[in-house]
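Please load the model and keep the sequence beside it. The report below goes through the fold piece by piece.

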Amino acid sequence: MSKCDRNLCLAVMKMMPKRPIDSMFTEAQWRAIYETGRNVLVSAGAGSGKTTVLTARVIETLKSGLPIEQLLVLTFTRAAAAEMKEKIRKALEKAIAAGDTTLHESLEQLDAAMITTFDSFCLNLVEQHFAVLGIDPHITIGDTIMFDMARDTLLEALFDDLYEAADPDFIHFLQTYTTKSDAKLKDYVLALSDAYAQYGVFESSLESFAARHFTEDAEARLRADTTKALLELQAAYQSMIEDVVSCWGAQSNLGQTCTNWLEILKAQCSATDFESFRAAWKNFPRLNSKRGMDEEEKAALRQLKTRLGKLKKTLDDLLMHDWDTCLTHHRKTAAHVAFVVKLTKRFNDRFEQYQKTHGMYTFAAVARMALEVLKTHPSSLAALKKQYRAIFVDEYQDTSYLQDRFVTLISDNNAFMVGDVKQSIYRFRDAVPELFIKRYHHYKANPEAGTVIDLNKNFRSRETVLQGINALFDVTFDAEVGGLDYTAEHHLVYGHRDYKAFDVPAAEQGFDLLMLNPEDLREAAWLDHASRPFKDEEAHAMAIVQDIKRKIAANHQVYDEAKKTYRPLSYDDIVILIHVKREFHVYERIFAYHEVPLYAHRDISFYENDEIMVLRNLLRCIMAFRDPVLARQTFPHAFLSVGRSYRYAFTDAQLVDFLDTLTTTDYTQTAIEAAAPNETFSEVFRHMASCAKMATEMSLDALLAEVIKRFELIDHCVDLQDSHAAEQRLMKMIAIAQNLSGHGYTLADMSAYFDHIVNEQTDIDIQSGVSLKAGMCNLMTIHKSKGLEFPVVYYPMLFSRWRQTSDLDLYFDQGYGVIIPAFDEGLHDTIAKKLHLIKENREHVSERMRQLYVALTRTKHQAILVLNEPTDKDLVIDTFEHRKVDVNIRQTFSSFQSIIFAALGQFGKPPRLIPYDATYFTGEYRQGRKQPSPPPKIPDRAYVYQPLPSTHHTKQHATFSTVLSDVLRPEAYQDVLKGRQLHGWLEHLDLKQPLQPQLDALSVPASSQTLILNLRKLPFFAQLHEATIYQELTLYDASEGTERIGLIDLLVVFANQAYLVDYKLSDVTQDAYKDQIKGYQKVVQSMLNVPVQCYLFSLIRGTVREIY
């Protein structure tokens, strides 16, 4: 730091007021509030008072005399902007009430202050400079679904032009990379277009960006990066073996084995360049183990081999080809990459022109235009810097490349950025945590460029909770995996002022690790006479219910912040956090059975809400009234959905009779009205006919408003769970229709809009907050919990493996460019792809590490982690370590449980095995509540009709199944237990993927694998990738006067044929089984209207019987 810079620092420090001894702020918080003179980056750990500090700094800035119109506060969501404005309002009112009269004007002008989102601010800037940009002055942000549809249309038109011109590059690419379809190339273009928009690669031409990754310098970087990756893997391989010797001792049988291995592997561990690596590792020696090991040593050896095997797999992949072949493959992609980039450029040009023509833009396009204004018009940039003298950025860790460039341009040593990179979990929304990390280290190394302030004192959680969090991340979280050095700079420090004054038993606070024992679990299922073994997710839910009930009964204490005292635990103190939402229904059913109130905070798709589905199907019915041909295709299903919905709740008998009558006539409006069985139906059809006529006379938004009014959709929202939210969604649809109508959309276009949402599995973006339900346990995802805090938190299903798969083999990497497979007598992965995936995997694991940090730091009093007992394939470090877990081991983490197992010894106490109380570990919940009121007949239920699959649950009055008397005889116990094991494994398999790797991952014994693999005898097995597969499908039928329920083990549906498979224990020849599956066949065939072929599969014998 220069003398001038040091003097500046001293001057700034002199301007900072002295912190009073009794201040509510810590020293670090005080600095964050008052530090001025340069950019400030505040790294605010969880619970450290980030928002309080940001609000206080705004107030102190206003007190210093800066007018509020010269403040710019940027957030990421409208909800966050509104919340921030409200906090500032309350702080201003409090300061004024305390006697500060200088803030009156700030309070009066607060609503006009620029406290807004990045997107809104950029839009405002672009609107001010419409003339220099050559755009319409009244631009809008377009509808996402509308843009998706437009992009599909534009891309289709571009490809039509290429086909018509017989473009040679286009034809060559299709012949090289595709067979029957150009869909892959379309996906390439769309993915590359999105990547360019995300990373903002528009400063230079797209072609030059791609081309610079095929130069000699680029090839040299590839070789250097490959060698570096090999050296890291080599060091990890050697280190893992040496660690075992150190842990077990060189004289132990295991230690001697590993010492011998190190001697054998000298050539592999001394390689220094690509050629020597390839020579050594392609001649890998056989590694034998010393005899006489005890069981504990054998288990440790198996773990070591598993870990070494993962490293060697990566090494072998990098060394698959010699370097000349690697370069050949890389160069072979150059021409094809250039073509894809050129094609993407043409597509982007058309899409940009589409936006300009229609006067509506994506958020990314608006951000790029805003940057263009600032870069090409210095006077505009200077005016902006003059206008905003203090800039605040909240949640800076979630900025994108474009947003970060924007902040860099407009700031003038006056940016205050606050965030926590450990809580950056939105990469899927274009967040780039590396930007925070880069600025953090830059300011640390260059104080004259900016100031870094770390807020690590946590005011949320108990000290014992923080000890558990620190113990976990001290050995797993660092700059390489996670983003920053947790131990050195981000260790959470206890700061709560009240907990120390009170004492509760250790068992009621901190970290509690619960472990499920698979053997005990199978025994519990057997004793319960469960129809099948408990799935892991079922067992976790049962364990949590059991623990909650015991805590409530034992008068478990939690601290009441408002009353400053302890009180008994209540249900609404408890939150269950899961990182995936697909198992919510299991928790709801199990909790309901045990009468524990639970509210699941679902991220329900906008379209899947009842009122929106009813509106869509009403529009389809109205369109059918205008077109008899369309009516024949769509009216029956659309009207069935409307008729069974919350709005009308017609009985099945009424609807079936009406549709039976209708099928004997044509589908004209007259025929439909004539078939109405009563006045209510007639009234519905009159409204539909009237709206069909109006569709040609009024705008789309006016038509939707009329439909909602005539069919009284809002009036009947009171029948829904959240009537206010339903009303808001209907109003949102009118607003969307107004936007679409302004761009010439018709009723048919609106129908296509809905179809696109369904077919592409996309959604309408609606921001909503989380409001905890009083008197109930709350269940939500980790992402939904961010920013919240809860007294007691359960963390189940940590065993669930993370998903990191992409069907697309195009990758975008700022270091390696655009990556596609090379064609050389077949498709080959390039070395660039392999290096990219190593880097991408590290970033993926880092994000998951941060996600776990977010989850655990929600806890105030007690965190209960529910674990599965480890297998030999799990790395368990159950001794206390003073160093990080090896980075290459951490890169192989595949679940949250694997992170916890690697740090198990850090917690100071072993997990406690869960006791299996038969009251809670029971399969009876599958039949409903313990004491249910008589259920209504399903035909009289109001619900929105979906053609397939039908999975409605009710109390069973009869079953399709037959009970065979010999199944539960004592001598059949082993067969039953084995059958249930096999059945449980089958439920976990994705039948569209190769079975062998999945069976290995589930640790299925070889003998059982052989039985399961007999599934491949089924004649349709090879074509499963073309089918829709349903497993464990509940089947309901009341067609013969008796309500019957059954469970289909496997249903495979093709376009013109379906196959039904029922798993049996052993003998599949008994006639009772044939009658049972025939009953299933009859119901399924009536639902699908295609032939259904049936098979029985013997779990014990692995045999298949076809049923005719």
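This is a predicted model: local features need pLDDT of at least 70, side-chain atom pairs count only at pLDDT 80 or more; totals for chains, interfaces and linings use all residues.

Residues are numbered from 1 along each chain as its sequence is written, and side-chain values use heavy atoms, with hydrogens and water left out.

**The sheet**

Helices (H or I, at least four residues) and strands (E, at least two) are DSSP runs, numbered from the N terminus. Two strands pair if DSSP finds at least two bridges between them.

| Strand pair | Bridges | Residue pair |
|---|---|---|
| β14 (574–578) and β17 (790–795) | three bridges | V575 and V793 |
| β17 and β22 | five bridges | Y794 and I864 |
| β11 and β22 (859–868) | seven bridges | M515 and L867 |
| β11 and β23 | two bridges | M515 and L913 |

M515 has a bridge partner in β22, L867, and another in β23, L913. F511 stands opposite A863 in β22.

Burial is judged by relative accessible area: buried means under 20%, exposed over 50%, and partly exposed in between (1.4 Å probe, protein chains only). Strand β11 (residues 510–516) is mostly covered, with seven of its seven residues buried. β22 is mostly covered too, with ten of its ten residues buried.

**Helix α4**

Helix α4 takes in residues 78–97, 20 residues in number. The expected span of a helix is 1.5 Å times one less than its number of residues.

Which residues of α4 are buried? They are A81, M84, K85, I88, R89, L92, A95 and I96. Seen down the helix axis, these buried residues fall within an arc of 140°, so they line one face of α4. The arc is that of the directions from the helix axis to the C-beta atoms. On the other side of α4, K90, K94 and A97 are exposed.

Contact means heavy atoms within 4.5 Å. The cover over the buried residues of α4 includes α3 (50–63), β2 (71–75), α5 (104–108) and β3 (114–117). Just after the helix, G99 takes a positive phi of about 115°.

**Nonpolar cores**

A nonpolar core is a set of buried Ala, Val, Leu, Ile, Met, Phe, Trp, Tyr and Cys residues joined through side-chain atoms within 4.5 Å. The largest has 102 residues. Those with the most contacts inside it are L185, F635, F639, F658, F685 and M688. Leaving aside neighbours within four places in sequence, F658 is in contact with F635, F639, I672, A675, A676, P677, F681 and F685. A second, separate core has 96 residues, including L287, V504, L577 and W802.

**Cysteines**

How many disulfides does the model hold? A disulfide is a pair of cysteine sulfur atoms within 2.5 Å, and by this rule the count is zero. C247 counts as exposed, at 59% relative accessibility. C777 is buried, with a relative accessible area of 0%.
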